[in-house]
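User: I am new to this structure and would like to learn how to read its features one at a time. Could you take me through them?

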Amino acid sequence: MRSSCSGRATFKRSACSACPVFGDGAPADQTESTMTTLGIIGSGSIGTAIARLAIAAGLDVVLSNSRTPDTLTETVAALGAAARAATPEEAARAGDQVVVAVPLTAYRSLPVATLQGKVVLDTINYYATRDGHIEDLDSGRITTSELVQAHLLGARTVKAFNNIAAFHIPALARPAGAADRSALPIAGDDAMARAEAADLIGRLGFDTVDAGPLSQSWRFEPETAAYAPAYAADPAAVLRGWQQMVDDLRAGRAPRLPAPDAGSPLSAARLGKLLAGAERKLTADRIVA
Ligand SMILES: NC(=O)c1ccc[n+]([C@@H]2O[C@H](COP(=O)([O-])OP(=O)(O)OC[C@H]3O[C@@H](n4cnc5c(N)ncnc54)[C@H](OP(=O)(O)O)[C@@H]3O)[C@@H](O)[C@H]2O)c1
C-alpha cells in the first residue's frame, strides 16, 4: 500500500520522491492541474459533503440528482455561488472529475458516453437489502466498483469516499501537512486516474493510500477493518449501534439510529496496515447488509 505525499500544499502534478503516486513510475509531468470543476451525480449525504470541501478548496461544483435541477435549489443556495444544479448528463460533462454518489441500483442510469475518459470517483456501497441481491457481489467474484466500471465503459473509475461516514468527511478534513490529517483509500485500474484522484482528494483535505486495482477495493468495502468505524472516536459504539439498528428492524420495531460520533483521525500509516491485513467481508458476513 502506498500513501500519498501529504506535504504538498499546491494542487500540482509533479515528481516527488517522497510521493509514491508520482515519484517512482507514474509519468511525472510538471504541469499545474487545470481542474476547475467537480461534477457530482447524487447530491445526498455524501455528494453534498464532498461538494462542500470542493468549494472550500476553490473548485466550482455542478450537482445533480435523480429529479430535475430545481429540486436542488436549497442545496445549491446553502453551498453558495460556486455551486449550481444541473442534470446528471450536464454534471458529467462539466466536471473535470465526477463524483458518483448514488445508490447502487442507479448505476445503470449513469451517463456512460459523457463519462468516457473522465476520472469517476465511485463512492457506491452495496447493500443487498437496499439494492437487491447481486450474486457476483454476494459471492465476492467481483467488487462493487468492478461492477460499476464494467458498465462505465471508457470511464476511469476510482473507488473513493465509500469507507467513511458522510458526517466524518467535514469533521476530519484537514489541510495538507496537518499532524492530524486522515487518509482515505483509493483503488482503480488506471494508475494515472488514481494519481489524479489522489491529487483531488489531497486538495479536499485527506491523504490517500493506494490500494491498487479495482479488484482490490474489497479491502475497504463495508465492514472491513478500514471501513467507517476506523474513523470513529468510539468504534465499538458504532458497531453496537449498527447491531441495535438491525435487531430493531428484524423485530419489526422502528430502528434506533446509531448515536453521532465525533470522529478520530486515521493516519495513512495506520490505514495502510488495515488495508494490508484486511479480511474480505461478503454479504453473509456483515452486520448491516
Ligand atoms: N451516507 C454515508 O455515510 C455513505 C458513506 C459512504 C458511502 N456511501 C454510499 O454512497 C452512495 C450515496 O449515499 P448517500 O448516503 O449520499 O445517499 P443519499 O443521501 O440517499 O443520496 C443519494 C443521491 O443519489 C441521487 N440519485 C438516486 N438515483 C439517481 C440517479 N438514477 N441518477 C442521479 N442521481 C440519483 C438521489 O437523488 P434524489 O434525491 O433525486 O433521488 C440523491 O441525491 C451510496 O451508494 C452509499 O452506499 C454512503
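Predicted model: local features only at pLDDT ≥ 70, side-chain atom pairs only at ≥ 80, totals over all residues.

User: Which residues come nearest the ligand?

Analyst: The shell around the ligand holds 24 residues, of which Gly-42, Gly-44, Asn-65, Ser-66 and Ala-106 come nearest. By type, the shell divides into 11 nonpolar, 12 polar and one charged, while its largest share, three residues, comes from helix H2 (residues 45-56).

User: Is helix H8 mostly covered or uncovered?

Analyst: A residue counts as buried if 20 or more other C-beta atoms lie within 10 Å of its own. In helix H8 (residues 144-151), six of the eight residues are buried, so the helix is mostly covered. The buried ones are Thr-144, Ser-145, Glu-146, Leu-147, Val-148 and Gln-149, and what covers them includes strand E6 (119-122), helix H7 (135-138), strand E7 (156-159) and strand E8 (183-188).

User: Which residues of H12 are buried?

Analyst: In H12, Ala-268, Leu-271, Leu-274 and Leu-275 are buried. Seen down the axis of H12, these residues fall within an arc of 120 degrees, so they line one face of the helix.

User: What is phi of Phe-161, and what is phi of Glu-223?

Analyst: Most residues other than glycine have a negative phi. Phi of Phe-161, however, is positive, near 60 degrees, and phi of Glu-223 is positive as well, near 70 degrees. Phe-161 is found in the loop between E7 and helix H9 (168-172), and counts as buried because 26 C-beta neighbours lie inside 10 Å. Glu-223, in the loop between strand E9 (207-210) and H11, is partly exposed, with 19 other C-beta atoms within 10 Å.

User: Where is Pro-258 found, and which residues does Pro-258 touch?

Analyst: Pro-258 is found in the loop between helix H11 (235-250) and helix H12 (268-276), and with 17 C-beta neighbours inside 10 Å Pro-258 counts as partly exposed. Leaving aside residues up to four places away in sequence, Pro-258 touches Val-238, Gly-241, Trp-242 and Met-245. Pro-258 and Arg-240, 18 residues apart in sequence, are 8.0 Å apart in space, C-alpha to C-alpha.

Technical notes:
Residues numbered from 1 in each chain as written. Near = placed C-beta within 6 Å. Helix = DSSP H or I, 4+ residues; strand = E, 2+ residues; numbered from the N terminus. Nonpolar A, V, L, I, M, F, W, Y, C, P; charged D, E, K, R; others polar. Buried ≥ 20, exposed ≤ 12 C-beta atoms within 10 Å, placed from the backbone. Contact = placed C-beta atoms within 7 Å. Arc of directions from axis to C-beta.
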